[in-house]
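Me: Hi! Could you walk me through this structure in plain words? I'm new to this.

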Amino acid sequence: MRKIYLDNAATTPLREEVVVAMTAVLREDFGNPSSSHSFGRTAKTLLEFSRKVLPNK
């Protein structure tokens with residue numbers, strides 16, 4: 001039996017490739033993008049790249 005979730009205003013299921021990408025970032029590049037240290041700069045670079053590459057919906 002397949003589950004059906006209708007409250008997509010609260011959350012939506014993630015595609016597998018999103019889970020893989022997010023897991024890698026959460027494990028390896030977890031810095032605060034607002035910070036000036038190397039962890040933050042790496043996180044900010046990833047965040048800015050993601051904003052350019054992903055569609056704005």
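This is a predicted model: local features need pLDDT of at least 70, side-chain atom pairs count only at pLDDT 80 or more; totals for chains, interfaces and linings use all residues.

Me: OK, zooming out. How many helices and strands are in the chain?

Reply: The chain has 2 helices and 0 strands.

Me: Is the chain compact or spread out?

Reply: The chain is more spread out than a compact globule, because its radius of gyration is 15 Å, well over the 10 Å that the globule rule gives for 57 residues. Along its principal axes, the C-alpha trace spans about 50 × 25 × 20 Å.

Me: What share of the residues is buried?

Reply: Buried residues make up 5% of the 57 residues in the chain. As for the surface, the accessible area of the chain comes to about 5,600 Å², and 59% of that belongs to carbon and sulfur atoms.

Me: Which residues form a nonpolar patch on the surface?

Reply: That patch is formed by L14, V18, V19, M22 and L26. Together they have about 430 Å² of accessible area.

Me: Let's pick V18. Where does it lie, and how accessible is it?

Reply: V18 lies in helix 1, which covers residues 16–28. With 32% relative accessibility, V18 counts as partly exposed.

Me: What about charges? How many positive and negative ones are there?

Reply: The chain has 9 positive and 6 negative charges, and their mean positions are 4 Å apart.

Me: New topic: the loop between helix 1 and helix 2. Where is S34 found, and is it buried or exposed?

Reply: S34 is found in that loop between helix 1 and helix 2. S34 is exposed, at a relative accessible area of 70%.

Me: How far is S34 from K44?

Reply: They are 10 residues apart along the chain, and their C-alpha atoms are separated by 7.1 Å.

Me: And H37, where is that found?

Reply: H37 also sits in the loop between helix 1 and helix 2. Its relative accessibility is 40%, so H37 counts as partly exposed. Between H37 and L54, which are 17 residues apart along the chain, the C-alpha separation is 26 Å.

Me: Last one: which helix does S38 lie in?

Reply: S38 lies in helix 2, residues 38–53. S38 is partly exposed, with 41% relative accessible area.

Me: How far is S38 from F49 in space?

Reply: S38 and F49 are 17 Å apart in space, C-alpha to C-alpha, and 11 residues apart in sequence.

Me: Great, thanks!

Key:
Residues are numbered from 1 along each chain as its sequence is written. Side-chain values use heavy atoms; hydrogens and water are left out. Helices (H or I, at least four residues) and strands (E, at least two) are DSSP runs, numbered from the N terminus. The radius of gyration is taken over C-alpha atoms; the globule rule is 2.2 Å times the number of residues to the power 0.38. Buried means under 20% relative accessible area, exposed over 50%, partly exposed in between (1.4 Å probe, protein chains only). Accessible areas come from the Shrake-Rupley method with a 1.4 Å probe; for residues, only the protein chains shown count as cover. Lys and Arg count as positive and Asp and Glu as negative; His and the chain ends are not counted. The place of a charge is taken as NZ of Lys, CZ of Arg, CG of Asp or CD of Glu. Patches are made of residues with over 30% relative accessible area and no salt bridge: like charges are joined within 9 Å, nonpolar side chains (Val, Leu, Ile, Met, Phe, Trp, Tyr) within 5 Å. A salt bridge is a side-chain nitrogen of Lys or Arg within 4 Å of a carboxyl oxygen of Asp or Glu.
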